[in-house]
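Subject: The two-chain model, handed over

Hi,

Here is the structure I promised you, so please open it alongside this email.

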Amino acid sequence: MGHRARIIEVLHRAETGPIMDEADFERTLIAPTVNNLIEKYKINFDESVIVNSDDDLADRVFQAGLELAIEVGMFCQDTSRRIVWTREELLEGLRYCPSEIVMGAGVDAVVCKARVPDDDTRVVVAGGAYGVPVPEHMYIPMSLSYLKEGVIDVIDNPSLETVYGHPVKAASPWEVLAARREAELALQAAEIAGRPGICLGCVELSATALGGLAGVSWGGYRPTDWLHAPIMSELKTNYEMLSIVTHSVRTGTILEAYYNPIYGGYVGGGEGITVAVVGGLILLNQCHPGHTYNTRPNHPFLNCDTTPEMIWATALGVQALTRNTNLLVDTLVGPAGGPGTRTMLYENAAFVAATTVSGQSLMTSCHSASGGSIPRHASGLDSKICGEVTHAVRGMTRAEANEIVEQIIPLYVDDLEKKPIGKPFEEVYDIDKVEPTPEWQGMYDEVRDELIKMGLPLDRLV
Amino acid sequence: MNERKVSLEEFLTVLDKAENGPVVGLKEWDNVYIYAKIKELVEQYDLSFPVDEPGVPSDDDLADRLFAAAIQLCVDSGVYCTDTNRRMIWTEEEIQGVLDRAPAMLTAGAGEGTFVINKRLPDSTGKVPFGGGPWGVVIPEEYFLQLNKAYVKESLFDFFTTGALKTVRGRPVRAGSPWDTTACWHEVRMTMQAIEEAGRPGMAVCAPNTSASAIGTVSVQSYGGMRLTDWQNASFMSELKVPYEDLIRTSHFIETNSFVHNFYNPIYGGFAGGAEGTAIATVAGFILMKATLFGDSFNTGISHAHLSFNTFPALIVSQAVAMQALSRNSNICIANFTRPAAGPTEMDMMYEIAAYQLSTVTSGVWVGQGVQTATGRFEGHCSPLEARFAAEVAHAAGGMSRAEAHPIVNKLIEMYKDEQTLLKKGKAFNECYDLETLEPTAEWQAVYEKAREVMIKMGIPLE
């Protein structure tokens with residue numbers, strides 16, 4: 001069965017799979033299954049090694065994730081049915097998944113390829129204020145702060161707080177207007193930046209399927225842009241998201257599917273997160289057949305994915321997948337810190353170093369300031385540091401990266417609980433010039449020098 | 001992003017009206033703002049239609065009084081938003097502004113499939129563009145493509161309107177689910193394949209008709225699907241009600257600069273009342289759809305409360321006067337919409353089609369449309385031949401006056417009216433067409449030819 005043609009079978013199974021109560025799915029199926037698999041495959045978090053180099057452990061995590069996908073499947077909230085697959089079906093899905101994709105158009109296009117841990121090949125850098133709410137008047141300046149950074153290959157857009165001054169109501173005409181307004185502003189910003197063909201992540205304002213569908217259409221986002229269709233935690237999809245997937249398949253639009261397991265939730269701690277990441281992305285490839293697959297595990301209280309245990313879990317999950325499949329794996333850094341703080345720069349550097357040497361094909365940044373939840377708290381430099389680190393660690397071994405990550409973590413870990421959200425965009429950037437303030441640029445330069453001294457070759461030319 | 005052909009600011013005021021207008025209960029809307037108000041307007045404007053001898057009235061003053069009554073209904077009642085339970089209200093000046101922005105000419109289709117739609121008046125001469133197709137009749141998936149091919153090879157059709165898929169890849173189509181989008185894409189792909197194979201790639205397509213909710217429509221109006229030169233649908237519900245689903249469709253059409261077709265089907269014998277009341281509702285509905293849904297073209301598939309068809313004698317006169325009112329007093333692009341009681345292979349269906357086309361075209365419609373055969377309720381009961389016949393009559397009627405059409409329409413009504421309640425649904429497409437050659441069976445072809453002969457003898461210049 002063709003990769004994207006599988007969507008019909010997905011929809012069929014969503015209506016014919018085994019019925020189960022949603023609460024039971026999480027409590028009696030996911031939680032015990034994950035626990036059993038952690039024991040069976042002897043997966044333990046060793047806090048002395050944040051970036052794992054044990055290939056056997058990575059392969060055991062892959063087997064655990066695959067078993068999770070087989071035993072649990074994906075839950076469809078609209079039909080209360082499990083979309084289940086055999087081992088053979090999941091393996092066939094992985095065997096023929098896209099291992100290379102062109103993102104964007106014309107001279108702005110970039111190629112995203114499957115990688116392996118310790119790989120020296122180039123990683124696509126996605127940057128942007130990914131879903132951070134912004135007022136309409138600030139949308140273009142904020143987008144330009146990312147677009148002007150040459151290190152960024154792909155843009156992920158912020159979210160509009162209002163549309164034409166009106167609140168955005170889900171499943172109403174306002175959602176359609178908001179999606180189209182977002183596309184209009186994002187395309188306008190790309191044009192101003194002289195990067196009209198750059199691949200644009202979309203549609204941020206899509207509370208239901210309508211935004212995703214309306215945004216990718218004539219005069220809006222293009223098939224060479226990057227439509228997003230997530231699943232809910234844990235391992236749950238619904239008809240809204242499956243409609244977006246269907247739209248992507250029919251319009252031939254590049255699709256990113258993502259899954260953000262919750263630390264301390266039904267999948268448990270770091271060990272459960274790493275298994276869930278693997279199982280989740282295997283199921284995404286099967287049920288949301290797209291091109292790139294992203295994860296951004298979330299700490300429920302800190303709203304970040306940069307605690308040592310979560311970096312370990314995410315990086316290990318990436319290794320498990322990239323060692324055993326050709327999936328185009330992608331992670332999103334969600335720091336607790338925000339613009340104008342050293343904390344965020346350290347968090348981003350540590351997370352990106354760990355996940356890139358683990359084999360990700362694409363690095364997405366970032367959910368600044370409490371995981372992107374604080375309006376206007378995002379800026380171009382937030383992603384620039386991620387892009388610079390991504391390029392710097394190419395070819396570095398996981399063990400080498402681990403040494404650097406272990407130097408960085410102590411610099412921020414105690415601040416995570418202080419909610420260091422930093423400053424809003426207008427206080428760290430000159431909006432007219434779209435330039436960082438001297439204070440923010442100075443802090444960035446200091447941290448950059450510091451990271452170079454630690455052994456991160458941010459100044460490498462090739 | 002292209003400049004919008006519709007003012008976004010104006011559309012935002014429409015959404016404001018839907019969210020901030022006076023709150024009204026549904027029963028109050030139906031009873032007070034529709035039933036009582038229309039009844040009052042029928043008396044106030046002295047509207048009395050000759051339902052005993054329906055035909056095609058030529059009373060211009062009657063048509064103008066009907067238009068004035070409809071304007072009054074627009075201002076006094078407005079539109080009911082079913083999602084917010086609010087009345088959307090326009091002032092008389094705003095309504096006039098809506099009428100002022102209606103153009104006297106439109107183009108649709110692309111390349112060699114481009115055609116022009118010109119304003120017409122009652123008794124106007126000149127060709128009436130025609131849109132042929134099953135118009136939403138449910139079609140089995142097994143022969144959906146074949147049926148499309150059979151329709152688009154008809155050279156008299158300027159554009160094609162699809163049927164509705166019963167299933168998609170063997171599965172039922174669930175509204176608002178991914179099956180909705182999947183089905184609409186399936187419908188559109190099979191339609192585009194048909195026009196491509198017919199050598200008519202620029203032919204405008206009016207679709208999707210499988211769309212049960214907004215997401216199907218929104219999804220296919222995109223890359224690889226419906227084009228900006230095709231026709232997209234958004235509608236009112238009876239009476240003068242609009243749900244968010246249609247405002248959602250509209251917002252997408254405005255943002256994509258699509259060609260939009262609006263329709264509204266008042267119910268004869270319902271809250272709008274009889275022939276006069278449904279005529280007021282029809283005229284007001286067209287104006288209010290222009291104000292709310294920003295259509296380029298409009299039709300009414302006015303419906304008999306129990307029998308569904310729109311060829312009931314009283315409805316023939318009701319629609320004729322409504323079309324005269326609109327064509328004499330506005331630039332709203334009006335289309336007719338044929339929905340006979342009888343179906344393929346039935347001679348009665350041909351009489352119904354002829355009466356309806358003659359009465360509406362001579363009353364000034366700009367575009368002919370059809371046929372939603374056998375009331376549109378029976379799976380597969382439609383075929384290109386009756387739509388070809390409707391196009392032929394529409395073209396012939398384009399050179400006739402109301403006075404010339406009147407006696408012929410009356411005769412035709414006499415020929416079918418007594419048997420309408422029998423709902424002679426005739427045969428399904430796969431029973432009256434050869435699915436290999438895509439030609440009508442000999443039996444059906446003979447009925448068609450006989451019908452043509454009868455029409456010519458009655459004075460309709462089909463030749």
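Start with two helices in chain A of this predicted model: the axes of α10 (residues 308-324) and α11 (residues 342-357) of chain A come within 8 Å and cross at roughly 25 degrees. That crossing angle makes α10(A) roughly parallel to α11(A), because angles under 35 degrees count that way. The crossing itself is right-handed. If you want to click on the residues involved, α10(A) brings A:Ile311, A:Thr314, A:Ala315 and A:Val318, and these meet A:Ala350, A:Phe351, A:Ala354 and A:Thr355 from α11(A). Sorted by class, the contact of α10(A) with α11(A) has six nonpolar residues, two polar ones and no charged ones.

On the α5(A) side, the contact is made by A:Tyr139, A:Ile140, A:Ser143, A:Leu144 and A:Leu147. On the α6(A) side, the residues are A:Leu185, A:Ala186, A:Gln188, A:Ala189, A:Ala190 and A:Ile192. Nine residues of the contact between α5(A) and α6(A) are nonpolar and two are polar, with no charged ones.

Helix α6(A) also turns up where the chains meet. The contact takes 30 residues from chain A and 30 residues from chain B. On the chain A side, the elements giving two or more residues are α1, α6 (173-192), α7 (209-215) and α8 (239-251). That side divides into 17 nonpolar, nine polar and four charged residues.

Now the sheets. Chain A has an open sheet of three strands in the order β2-β1-β13, with mixed pairing. β2 (81-83) and β13 (236-237) of chain A stand at the edges with a single partner strand each, so one side of each has no neighbour in the sheet. Strand β1 (residues 74-76) of chain A pairs with β2(A) in the antiparallel sense over three bridges, and A:Met74 stands opposite A:Ile83 in β2(A). Helix α1 (residues 6-16) of chain A lies across β1 and β2 of chain A, running at about 150 degrees to β2(A).

Chain B has an open sheet of three strands too, in the order β2-β1-β13 and with mixed pairing. Its edges are β2 (86-88) and β13 (241-242) of chain B, each with a single partner strand, so each has one side left without a neighbour in the sheet. In that sheet, strand β1 (residues 79-81) of chain B and β13(B) pair in the parallel sense over two bridges. B:Cys81 stands opposite B:Val242 in β13(B).

Back in chain A, there's a hairpin worth a click. Strands β3 (residues 100-103) and β4 (residues 110-113) of chain A pair in the antiparallel sense over four bridges, and the bridge partner of A:Ile101 is A:Cys112 in β4(A). The hairpin has six residues between the strands, and A:Gly104 takes a positive phi near 90 degrees.

Five bridges join β12(B) to strand β14 (residues 259-263) of chain B, and the two run parallel. The bridge partner of B:Ser235 in β14(B) is B:Phe263.

Helix α5 (residues 144-152) of chain B is mostly covered as well, with seven of its nine residues buried. Among them are B:Phe144, B:Leu147, B:Asn148 and B:Lys149.

For a contrast, go to B:Glu9 in helix α1 (residues 8-20) of chain B. B:Glu9 counts as exposed because there are 8 C-beta neighbours inside 10 Å. B:Glu9 and B:Lys27 are 18 residues apart along the chain, and their C-alpha atoms are separated by 32 Å.

Cheers

Conventions
Residues numbered from 1 in each chain as written. Chains lettered and ligands numbered in written order. Predicted model: local features only at pLDDT ≥ 70, side-chain atom pairs only at ≥ 80, totals over all residues. Axes fitted to C-alpha atoms, helices over the stretch in contact; angles between N-to-C directions. Parallel < 35°, antiparallel > 145°, perpendicular 65-115°, else oblique. Left-handed = near helix turned anticlockwise from the far one by under 90°. Contact = placed C-beta atoms within 7 Å. Nonpolar A, V, L, I, M, F, W, Y, C, P; charged D, E, K, R; others polar. Pairing = 2+ DSSP bridges. Buried ≥ 20, exposed ≤ 12 C-beta atoms within 10 Å, placed from the backbone.
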